[in-house]
Amino acid sequence: MNYFRNNLCRFRLVTFDVTDTLLEYAVRPERHYAQVINGMVEPRLGLTLCEEQIGQSFGRCFRSMKQQYPNFGAGRKPADNESNDESWRWWWRTLVERVVVDAAATCSNRHDIPPALLRNIAEQLIDDYTYDGKRVCWRQRPGVDELLAKLRQSPSRTLGIVSNFDPRLEIILRNNGIAPGGQVVDFVVTSYEAGVEKPDSAIFETALRRANRLRRSGGPEIEPSEALHIGNLCREDYGGARNAGWCALLVNVPPNDKNRKLLATIPNEHVFTGLPELQRRLDEPEPLEW
């Protein structure tokens, strides 16, 4: 008997988060940042920035950029003296430049990083995390292929991605074997495209509308109660989906204080260490309580 199918029979739409749900960093970002930054800064300035300090600077600058320019700068209008770069590219370039300046000032009190060098570092890192030609930035998390293949066995089910991400996401997914457009998943909705970030219900509503335009077997429109979202963040993924009227499951939840507090309010049977554990549970005969 196909217990997997029985446990998911009510869902005509299943969506996933990306980072730390379907994909993970192949190496710690601060390590790759350090390699790229020092590869350009050491020959030019004789300056070496330590990996740990780059990680700390990244955390500070990322929080500041998110507060100043939410959602990767979506909707931001460039100043008169700025180029017409897409907002997301300006956002990431500005972030990387701030990280280098902050790390250099903190590590060695250097404030003389040439703007052209900062831009070259930023453009290299943007390119690396988009195309990942050396396969050092992204990789699939365990169990992704197996779970997506099982979900795809139902001809009436639509599969999608709902992620707080910029427009590079489809390229990144395709490079990692998760091709959009019906081959592996049917559609991708990014926060940049939707104009709002999870946990805002509007991004899930955007995904539901997209799924209803693409639904695989006709019939009535998919209702929110027939949609399931799987992610790794309590507030953004679980809370956002539930507030939109969807069901939700969590995998690989970061073990920080904020998530520990939120996990206390979420049923234990909705939380899994990863996709393999989730698939094993869905294969069991006992029905999952939604």
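This is a predicted model: local features need pLDDT of at least 70, side-chain atom pairs count only at pLDDT 80 or more; totals for chains, interfaces and linings use all residues.
Residues are numbered from 1 along each chain as its sequence is written, and side-chain values use heavy atoms, with hydrogens and water left out.

Let's start with strand β1, residues 13-16; strands are DSSP runs of E of at least two residues, helices runs of H or I of at least four, numbered from the N terminus. Leu13 and Thr15 on one side of β1, and Val14 and Phe16 on the other, are all buried (under 20% relative accessible area, 1.4 Å probe, protein chains only). β1 pairs with β4, residues 158-163, in the parallel sense over 4 bridges (pairing needs at least two DSSP bridges). With β6, residues 227-231, β1 also pairs in the parallel sense over 4 bridges. Thr15 faces Gly160 in β4 and has His229 as its bridge partner in β6.

Now, where is Lys198? You'll find Lys198 in the loop between α8 (191-194) and α9 (201-214). Lys198 is buried, at 5% relative accessible area. Beyond its neighbours within four places in sequence, its contacts (heavy atoms within 4.5 Å) include Asp17, His229 and Glu236.

Last stop: Asn71, in the loop between α3 (51-68) and α4 (87-108). Asn71 counts as buried too, at 6% relative accessibility.

Methods:
Buried means under 20% relative accessible area, exposed over 50%, partly exposed in between (1.4 Å probe, protein chains only).
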